[in-house]
Amino acid sequence: MKDEKSPEWAALDAIIDELTAEAHSDDERIWNFHQAFQKHVSLPCDGFVIGEPVKLVSFNYDGKQRRGVTTTCRRSDGREYEVAASEVLVPKHTDGSRYVGAYRHWLGLVPYALDEKATRRTPISGERARSITLADPVELVVLSLKQTTVVSQCNFLSIVF
């Protein structure tokens, strides 16, 4: 039996096909997504960056393929910052979700914030909060390396509220 795609995934694939069919390079494909965001996404729209609710206020592409399309986000306190659009989750069935979801799907990422629980931070409280101490080592993951560095031992504490 042939594995059928859901209508939702088929709709994302149709958007991707429409935006990438005649593009000859990834740069052109990214430009096409950028133009689609500007044309089809009414701003500001709701989104989440690392679980933090934000308003997406603009989309940009400066030709840097590695970063791709970026978006300027506004936090609830009014501060603005820029992140890669691939780092933004937009809840399903909200304005802009189809195009941002298609872009994330094209990049091989989960297209949407699947449910409210996935986009909400859980406060650290109770037994979990009491078990965290400054003396405990914390494992770190290197996300970027700009130059060769030697680190013998690091003890850091990162708490997200």
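Because the model is predicted, local features require a pLDDT of at least 70 and side-chain atom pairs count only at pLDDT 80 or more, whereas totals for chains, interfaces and linings use all residues. Residues are numbered from 1 along each chain as its sequence is written, and side-chain values rest on heavy atoms, with hydrogens and water left out.

The protein contains 4 helices and 5 strands, where helices (H or I, at least four residues) and strands (E, at least two) are DSSP runs numbered from the N terminus. Along the sequence these elements follow the pattern α-α-β-β-β-β-β-α-α. Of the 161 residues, 30% count as buried, a term that denotes under 20% relative accessible area, with exposed set at over 50% and partly exposed in between (1.4 Å probe, protein chains only). Among contacts (heavy atoms within 4.5 Å) with a separation of 6 or more, 42% join residues 24 or more positions apart.

In soluble globular proteins, nonpolar side chains tend to be buried together.

Cys73 has a relative accessibility of 0% and therefore counts as buried. Leaving aside neighbours within four places in sequence, the contacts of Cys73 include Val49, Val54, Leu56, Val57 and Val88, as well as Arg79 and Glu80. Cys45, at 4% relative accessibility, is likewise buried, but the sulfur of Cys45 lies 9.1 Å from its closest cysteine sulfur, that of Cys73, which is too far for a bond. With a disulfide taken as a pair of cysteine sulfur atoms within 2.5 Å, the count comes to 0.

Helix α3 is mostly covered, with 7 of its 10 residues buried, namely Ser97, Tyr99, Val100, Gly101, Ala102, Tyr103 and Arg104. These buried residues pack against α1, α2, β2 and β5 (88–89). After α3 comes Gly108, which has a positive phi near 85°.
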